[in-house]
Amino acid sequence: MARVSIFSGFLVGVFGLVVSVLPAQAVPINYSFTAADFFGPAPENPVSGTIVYDADSLISPINQLLSIDLTIAGYTYSLAEIGSVPFGEDALIGGLVTGIQSVTQNTNDFFLRFDLLTGLDVRFTYATPSNSLSEARTFNVTRSFVNEPVAVMEPSTLALFTLGLLGFVGCRRFRRSN
């Protein structure tokens, strides 16, 4: 009988652990911007685009880039041509011509830097084959969830819950047979 009561206590503890564990959040974030008032020659002024990325929350570092809608001076960027890196408290998204953190002159290249906490304090620099560099620091920015965060139960949490449920059923059968 003492085994059953210890086992029951264990099950209650496991159930409490499972219930208290928060599920992971998957949050696609839509970051739209318009850059204007460029310093230097700017073949296109203003420049507007949208980048969708995945992060744990609106203010968390970027986990993965999901899509890009950006055309500058007739050149449309693809997802395969860009990357992202954390940059202190900022996010940095850019072309992979010579690295995300720099722009190579006379190529189709860009980088976008913004404060993760506010989405503001943005800096946008780009180059095209016909110009050296164009840089802007003032724009319109909108940042929002693409859809509401979806709670995703982690596999380990689900396994613990299933194990606890099986243990509970086994305990009930054991009590009935005795």
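**Strands 7 and 8.** I looked up how strand 7 (residues 109–115) meets strand 8 (residues 123–128), and found that the two run antiparallel and are joined by five bridges. Strands here are DSSP runs of E with at least two residues, numbered from the N terminus, and two strands pair if DSSP finds at least two bridges between them. Asp109 stands opposite Ala127 in strand 8.

**What I am reading.** This is a predicted model, in which local features need pLDDT of at least 70 and side-chain atom pairs count only at pLDDT 80 or more, while totals for chains, interfaces and linings use all residues. Residues are numbered from 1 along each chain as its sequence is written, and side-chain values use heavy atoms, with hydrogens and water left out.

I then followed the open sheet, where five strands lie in the order 5-6-7-8-9 with antiparallel pairing. Its edge strands, each pairing on one side only, are strand 5 (82–87) and strand 9 (131–136).

**Aromatic rings.** I noted 10 aromatic pairs in the structure. Rings of Phe, Tyr and Trp (its six-membered ring) pair if their centres lie within 6.5 Å; planes under 30 degrees apart count as stacked, over 60 as edge-to-face and the rest as tilted. The planes of Tyr31 and Phe33 stand at 35° with ring centres 6.5 Å apart, so this pair is tilted. Phe124 and Tyr126 also form a tilted pair, with 6.1 Å from centre to centre and 45° between the planes.

**Burial.** I checked Phe124, which counts as buried at 0% relative accessibility, and Tyr126, which is buried with a relative accessible area of 0%. Buried means under 20% relative accessible area (1.4 Å probe, protein chains only), exposed over 50%, and partly exposed in between.

Definitions and conventions. Helix = DSSP H or I, 4+ residues; strand = E, 2+ residues; numbered from the N terminus.
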